[in-house]
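Biologist: I have a model open and want to learn how to read it. Can we go through a few features in turn?

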Amino acid sequence: MTGSAVRRHAFRRPARHRRPRWARPVPAAGAAVAAASAAVTLALAAAPSGARPVPPSGGTVHGTVTGAGQPLRGVPVRLWAGSQDGGRELGRARTDAAGAFRIRYAPPAGGVLYVEATSGRRLRLRAVVGVGSGGAVRPRTLDRVTVDELTTVAATYALAQFDDGRRVTGPAPGLENAAATSFNLADPTTGKAGRVVTDGANGARNETLATLGTLADLVSACATDGPRCERLLRLATPRGGPAPTDTVQALLALAHHPTLSTAGLYALARTTGDHTPALTAPPEGWLLALRYTDTDLYAPGRIAFDARGNAWATNNWLPGTHTASHYVSVLDPTGRPVLGSPLSGGGMNGGAWGIAVDHGGAVWAPSYGTDAMTKYSATGTPLSPPTGWANGGFVRPQGVAVDQRGNLWIANSFGLPGKPGLGSVVVYPHGDPAKAFTLTHSGLNHPFGLQIDARGRAWITNSQMDFGQLLDSRRAGTPGKLGGSVTLIGPDFRPRATLNSSSFQGPLGLALDSHGNAWVPSYFNSTVTELRPDGTVAGVHRLPRTVFPWSIAVDGSDRVWVAGFGNASVSLLCGENVTACPPGASTGTVLSPATGFHHKAIQHLTAVQIDPSGNVWLANNWSALLPPTGGVGLVQLIGAATPVCTPLTPQPVRPTATAENPCPRQPTPDPSAGRAPDTTSPHRYTVRPGDTLGIIAAAHGTTWTHLYGTNTDTIGTDPDRILPGQVLSLD
């Protein structure tokens, strides 16, 4: 969307958020007051500091409703609660001549609160007024609200993955986190643009503020129920889908289908012109993106989400330098630093491309500057020693994953000491560095990305590039065909196969879908290869333009998101679940613009991840290629994807509101299952320096050909090349 010019008239910056107060004396507004059902335990948990406690009788919300800048009189207003248990009305009123209303209600036990007002048949306005304690954000409830077009856009986009077009429902923590994100876009106390969308990292620096204004103009088209409103609903009808019947449903269609009718809707918005700034050219898509920054959040490499939805990110460099960063950043779902972020200590010295959350909530991240692993508690306390853990003989560790048994897997990308061009995988059984063991295989060649599937198998990309070569390629573009592969290692830590395809050209990241298919982007030919669970190629999906894809993520509908490094963009592909894609789409169909979604907030990306609210998060690793310059901040595409359970172990699962537990319980580690391969068995032999297959075969009464045939997966295609540490079967 970088081509979309912006009218440079600023929204009036709203005043600071008022501290929410649960109740205070409210003058009558002339509105009819509906009592809610019997009072229940205090809602939405404890009120924030400075707020009065809710009296036993309940709470009150009052405010005004405006459309196209004018108060709407005599319109019905309803207060709704949404949670995992469903949606229910808490109270209703009707606005007076000044558009004012007041509703008293019995607070629910949790979830979110939002107000909706309807005028005529098609204008539906809304605003979030309460966020419960089930997420990673501080609970808050407002007693005063302005409901208008801006709050409607903010609430509808933020809650897009929890809204069926009629009610907002869904499980924690995603629902509460999503509702809180709406405040970043619009301030419901004033009805003006929110604090984050107008801050120094956003505001005039990117097009989100203007896109927000244009979307609000589209809502204004239904302030009078006439031809413009009919045109909005027609243009916002997805191909093959039902036509929206009101403004909220129209906005939902745009949030779910961001490339829908960009030119036609832009032209319609220009006829209202109620909000500034607004776009001055049709956008690439109707995405709302926010950039979040923090002290020392610079050149971020990879992102992982904890169980509450907080984003953890490694940082390559210190701001403005190429000096290894000592910090790990932690942002809450609304982009605010938490847990004392940025975190330091534990041996962090240059965060690499890898980060994972274990079953106890601790976070593991590799440090390329010290060739070590670092560990932080769920509350941000360093748990690793000041130099980190080097157990395993790391040289440029990269991808990290945790399996169902609590074992930590690390891709040792630069190769074994003294063996450049190869590589290994290091395992910490149950996260214990003291019990580390190293897995070798002839197919491992600068392993980089690593994921665990539902069967406990490790899928590992082999980039075939060392760290220096990779850095040079990022500066200069493709160095020519490099090849690549994917190695599959079983839950017993024994290599199963190395998978080859002509489509592999510098594969880095990879992701698994809910069916167990592996999706592998190739950096140098802009393809995404889909591998079936048995390792065969299901399809090679070529991106329409060269984007140098680095990383990939799969959302809760199995749609595939691809982070472009060379072409600063994010692309979206239809995945295995074609029912989640537009009619006529098949697996691999590109659903984004040909060059991906661009946005001035997006820089050169190395990571894309999905959170429990359905937001897409991107890591701005570099801001310029020549000279190499670190990127600034993490970017959040609000409500753009289907939510997934976090931490992401082992495969993407969509949270459900119909089960007692929205996400599968984290497995309990099996102490007997995290052991290194048994190399002392009489049927096993560990290769030593100077060994050949002939020497080993003669010592054990067999032939080298039999030995090679039994161990082809371990040895590879060259029987003359065996490596110290390889474990061979003598059967």
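This is a predicted model: local features need pLDDT of at least 70, side-chain atom pairs count only at pLDDT 80 or more; totals for chains, interfaces and linings use all residues.

Biologist: How many helices and strands does the chain have?

Modeller: Ten helices and 41 strands.

Biologist: What share of the residues counts as buried?

Modeller: Of 731 residues, 62% are buried. The chain exposes about 25300 Å², and carbon and sulfur atoms supply 52% of that area.

Biologist: How do I read contacts along the sequence?

Modeller: Look at sequence separation. Take the contacts between residues at least 6 apart; 61% of them join residues at least 24 apart.

Biologist: How many bridges join β31 and β32?

Modeller: Five, in the antiparallel sense; β31 spans residues 527-531.

Biologist: Next, helix α5. Is it mostly covered or mostly uncovered?

Modeller: Count its buried residues. Helix α5 covers residues 247-256, and eight of its ten residues are buried, so by the under 20% relative accessible area cut-off it is mostly covered. The buried set is Thr247, Val248, Ala250, Leu251, Leu252, Ala253, Leu254 and Ala255.

Biologist: What covers those buried residues of α5?

Modeller: The cover includes strand β7 (123-131) and the helices α1 (149-158), α3 (208-220), α4 (227-235) and α6 (262-270).

Biologist: Which side chain reaches a backbone nitrogen at the start of α5?

Modeller: That of Asp246. One of its side-chain oxygens comes within 3.2 Å of the backbone nitrogen of Val248.

Biologist: Why does Asp558 have no salt bridge?

Modeller: Check the distance to the opposite charge. A salt bridge needs the charged atoms within 4 Å. Asp558 is buried, and the nearest side chain of opposite charge, Arg559, is 9.5 Å away, so no salt bridge is counted.

Biologist: Which side chain makes a polar contact with the side chain of Asp558?

Modeller: The side chain of Ser514, at 2.6 Å. Beyond four places in sequence, Asp558 is in contact with Asp513, Ser514, His515, Gly575, Glu576 and Asn577.

Technical notes. Residues are numbered from 1 along each chain as its sequence is written. Side-chain values use heavy atoms; hydrogens and water are left out. Buried means under 20% relative accessible area, exposed over 50%, partly exposed in between (1.4 Å probe, protein chains only). Lys and Arg count as positive and Asp and Glu as negative; His and the chain ends are not counted. A polar contact is a pair of N or O atoms within 3.5 Å; within protein, one must be able to donate a hydrogen and the other to accept it, and residues adjacent in sequence count only if both atoms are side-chain atoms. Contact means heavy atoms within 4.5 Å. Helices (H or I, at least four residues) and strands (E, at least two) are DSSP runs, numbered from the N terminus. Accessible areas come from the Shrake-Rupley method with a 1.4 Å probe; for residues, only the protein chains shown count as cover. Two strands pair if DSSP finds at least two bridges between them.
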